[in-house]
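Hi,

Here is the structure I said I would pass on. Have a look at it below, and then read on for what turned up in it.

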Amino acid sequence: MAAPPRKGENWELRQQLNSEYRDKRADAIKRVIANHTIGKDCSGLFPDVVKNMQTDDLEQKKLVYLYLMNYAKTQPELVILAVNTFVKDAADPNPLIRALAIRTMSVLRADKILNYLASPLSRCLKDENPYVRKTAALCVAKVFDLKPDMCIEYGFVETLRDLIGDGNPMVVANAVTALADIHEASLNMAPPESSPEGSSPNSARLNNQLFIIDHATLAKLLVALNECSEWGRIAILSTLARYRTTDVEEAEHICERVMPQFQHANAAVVLGAVKVIMIHIKNVQREDLLKSLTRKMAPPLVTLISQAPEVQWVALRNINLLLQKRPEILANEMRVFFCKYNDPPYVKVEKLDIMVRLATERNVDILLGELKEYASEVDVDFVRKSVRAIGQAAIKIESAAERCVSVLMDLIETRVSYVVQEAVIVIKDVFRKYPHSYEGIIPTLCANLDELDEPEARVSLIWIIGEYAEKIENADELLGTFLDTFKEESYAVQLQTLTAIVKLFLKKPDQSQGIVQRVLQAATKDCDNADVRDRAYIYWRLLSSDPAAAKSVVLAVRPPINLPQRTVPPAILEELISEISSLASVYHKPAATFIGKGRLGAEEMKRTVEPEEDTARERALQTVVAGQQAENLLDFDADEPESGASDGLAGLGSLSTGSSVISSQAIASAAKSTNPLDELMDLFSTASMATPAAPLAPGAGLEGLANSVSPPTTLSPSPATPTAAPAATAGGAQDDLLGLF
Amino acid sequence: MATAIHIDHLCLSSRHPSTRMISAFFIYNTKGEVLISRLFRSDLKRSIADVFRIQVISNADIRSPIITLGSTSFFHVKINNVFVTAVTKCNANAALVFEFLYRFITISRSYFGKLDEESVKSNFVLIYELLDEIIDFGYPQNSEIDTLKMYITTEGIKSEMAVREDSSKITIQATGATSWRRADVKYRKNEAFVDVIETVNMLMSKEGAVLRADVDGQILMRAYLSGMPECKFGLNDKLVLDKRGDQAKTDGAVELDDCQFHQCVRLGKFDSDRSISFIPPDGEFELMRYRSTSNINLPFRLQTHVNEPTKNRVEYTIHLKAAFDSKLNANNVVIRIPTPLNTVKVDAKVGMGKAKYVPGENHIVWKISRIQGMQECTLTAEANLAMTTTKQAWSRPPIELDFSVVMFTASGLLVRYLKVFEKSGYNSVKWVRFLTKANGTYQIRF
């Protein structure tokens, strides 16, 4: 074995670490730590560093300990050298040193050390000094992480439970924290029910009674809440959020005790309090309390908006969730969500979303003024979302639709390419909501045809032309321009061109015989996309076999679209609300989608979150049948999830009334006879051009299809983040989604 | 009645960890080099540090302060030229993580002034020592600067002896019910200084309508008081929690929409009878933050006329009026007037102060070091633009106005009293100052 080289930095350091001068040694240790920080391997110096552990200099001791934490794992045999000092330090008269010793010892992750830890730890858990006790409490969680059996064996968990009743609030807080940590660790340890391996008897035993919050504990926690540090309060609040009670009086008591925390300066305490209240408010019955709870919740939430941008963002994402659950809480506060010019983009986008949520007839004028202003800013993404928000306002508030449209027309006049394109896309949705109200603007839109180079914008304009073909004199000419470049267009544009021309033909059969021939030819012969070809064939056969049926199929009246109240399905919303301020509630998707070993695929997610609802497949089928829902992809799952079952029939009913509005009785009857097919067709023609973004996609297959042909548009007001979150599309997309984010 | 229930079959959701632990803490410079690295939990490898460098620091277009890659989430705050970063592998409490990162920044500032690459490098030992104290196993612990300073000091060895003597006392304080205060504070002269600092957020439309005007207020206190003083604090406030409620105007009362307190304030007491009572920490601290949205006195009015007579010229006439009492003064008034990106040259004339075109920021910066209440002045300027081919119109970012006005509160808030009771019954002297300022928050569209 070669002797270590007698030069180089490590050799030098070794010399210094063994120097007889205290200063030199202290200096060397600092250099070792510095080297370690920048990623150099310093494990070779282990024995030399450990020699410096026995010292009166607290700072030096801390550095040696820091070194040990980093390298103990790599040198398990040598760690034993340090044990003596640790054990001695753990009984030092200075409480800071006692705490330091067990704090460090418990994270060394070496079996040998752990065996020596048991008795100092039991002693420190009962130390007279609260600082030592609070440190020791957390140590139990650390030990549990490494060796759960040991915690049981020595009754550490038991002791932790006793510490909840400690006189010192900080000790209480850390005991609670440690218990929660242990509780979760044990849940993770026990394999989930689906796993094939049986859980070891030990972990099963652990799994049970680790952390019970009973009435007595609750009382202690509520007392400690008002006395401990901000971080302790957060720990206690998260524990209170996990406590479930159906007892009215108890729930009211909890709410009353937690409410004052709204005034705390720490945003996490405020959100923690909101979380607890949102959970226990369900059982509150006293009217005055209910009123004062909702009333007092609003101001602190608004105040969070003047915090640091990152905190603001977390708050905004959570406010967005809260508004989905209780839209009334911030009803009068839209102004505070106005974007500042220098807000970071992620904050602006969230604010936009919330502003639309809070829009009402009363404040829509101010909102429109703001949105128009935002549309002239430089950040393209933000500008587009602002334009989109105008459309959402139009769809949400009928009485303001006209003003929204006129703002959109003003924006089109700016002739800024991306503004115009976005405006066209948005106007299409306005038409889908108010089919016959704004036909007057169609010529202006058509005049901008040359400006549109993005598929989605082109698709939108083509859809509008097709839909109003009978009112546009030169519709055939306009559609002809798209047909000329048919082969170069994206599939979404091809599909829409096809449908629009067929619509044109059905509306004006005399003038458009030629063009419909051309498009069917092009789509069946020159196109290699299965969707385009198949749809072309369907149209072709439909047109050649029964033009009346074709008319009722293609030109059927579709129900107007709606802006969803929620972007998250109710079951998930409930779960996220009970986790307010957590990562899950920031992302608006259940934690299981982004953490844990086996991040769940879309299918499993559906199963776990909605066990009580229909299975995915059934829902998917229903979706296909219920054309109505397909049109309303937007508000899937919005209000009555159970209504899905009856929708197949409902769709039929609404269709027959709808078509009688269109024209003749004959068509109406034809419509009835061909109903299922009709619905299906409709589904595709609309899904392909708009909004396939059902957040939770029971019709996963359908959605996949829609996605493959057009970039997913999200009309739902949650633009930045992957709204398609919980179920996403294919399970494999999970990582990408996260990456995107 | 007593509902003792097991957690585990209650929370479907807790099948997935939902606690709040931080697994690792890093500080990076802008090149992505690790300046500080501390792992708290075993679920991460050190190499995770590289992932962040690749995904975030070298990525120019970051649209979220949290990045989740796989099952690892990175929370970061960029400050000066360093990224302060926390990493978790669980469904962490996001608000807590950011609060912690910001608390770390505050603590660092108080220890070594500014938090930047240089100061991190020269204080890395201290930073590790602080981290060891303020966070344990990923859970934030005591972060009270005053307490920390009792036993973590920059002079190291010198203070160590002192620490040894006091350590029981320190530890009691660090965990006690008044963890923010030592019991044995003594001053010959007992004084308390109160600073009310208001930041005005104002947004005015092109047409001169006030779109939003509100005040973020902050009450800072410097308490140099002996013993364990019991303080009571009174404002001319009327905390409105129900806006539609009684409209009876209490004369001179200011409506606060919300307020937040330092942890020394007894929240329960405030909740029941609106009184602010507390035992203050020793030295400087933020007693309270508040927000007010009604009857804001805007200290400055700005009238703007901006024309673009031709494609390569912009003419500005900006008229500034100080709308506060003529006995008061505003200091350091800075008005930033945006110019188009293709501006070549600006000629500006001002009646007061100095105006200068700053090409790097695309602004005309008009500075007035001191202006008296009710004074008015005007800037006229003309910007010459280079010819460009882009047709897109200039987006006209808002004009920003920064200022500070002493002895003026935009909300009208006043301190009515500050009472100090201590068992020894000493007399104390109290001082109150007011300041209203804006810092990029006073914006006028044109």
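Start with the side chains of Asp271(B) and Lys296(A): they form a salt bridge, at 3.3 Å from N to O. Keep in mind that this is a predicted model, so please take that distance as a computed one. How many salt bridges are there between chain B and chain A? The count is 10.

Which part of chain B gives the largest share of the side that touches chain A? That is helix H6 of chain B (residues 157-175), with 10 residues. By class, the residues on this side of chain B are 48 nonpolar, 35 polar and 32 charged.

Now for the interface as a whole. Chain B puts 115 residues in contact with 132 residues of chain A. About 10,900 Å² is buried between the two chains, and carbon and sulfur atoms account for 54% of that area.

One helix pair is worth a look on your screen. Helix H2 of chain A (residues 22-37) packs against helix H4 of chain B (residues 124-134), with the axes 10 Å apart and an angle of about 80 degrees between them. Because of that angle, H2(A) is roughly perpendicular to H4(B). On the H2(A) side, the contact is made by Lys30(A), Ile33(A), Ala34(A) and Thr37(A); H4(B) brings Phe124(B), Val125(B) and Tyr128(B). Sorted by class, the residues in this contact are 5 nonpolar, 1 polar and 1 charged.

Cheers

Definitions and conventions
Residues numbered from 1 in each chain as written. Chains lettered and ligands numbered in written order. Predicted model: local features only at pLDDT ≥ 70, side-chain atom pairs only at ≥ 80, totals over all residues. Heavy atoms only, no water. Contact = heavy atoms within 4.5 Å. Buried area = accessible area lost by both parts, 1.4 Å probe. Salt bridge = Lys/Arg side-chain N within 4 Å of Asp/Glu carboxyl O. Helix = DSSP H or I, 4+ residues; strand = E, 2+ residues; numbered from the N terminus. Nonpolar A, V, L, I, M, F, W, Y, C, P; charged D, E, K, R; others polar. Axes fitted to C-alpha atoms, helices over the stretch in contact; angles between N-to-C directions. Parallel < 35°, antiparallel > 145°, perpendicular 65-115°, else oblique.
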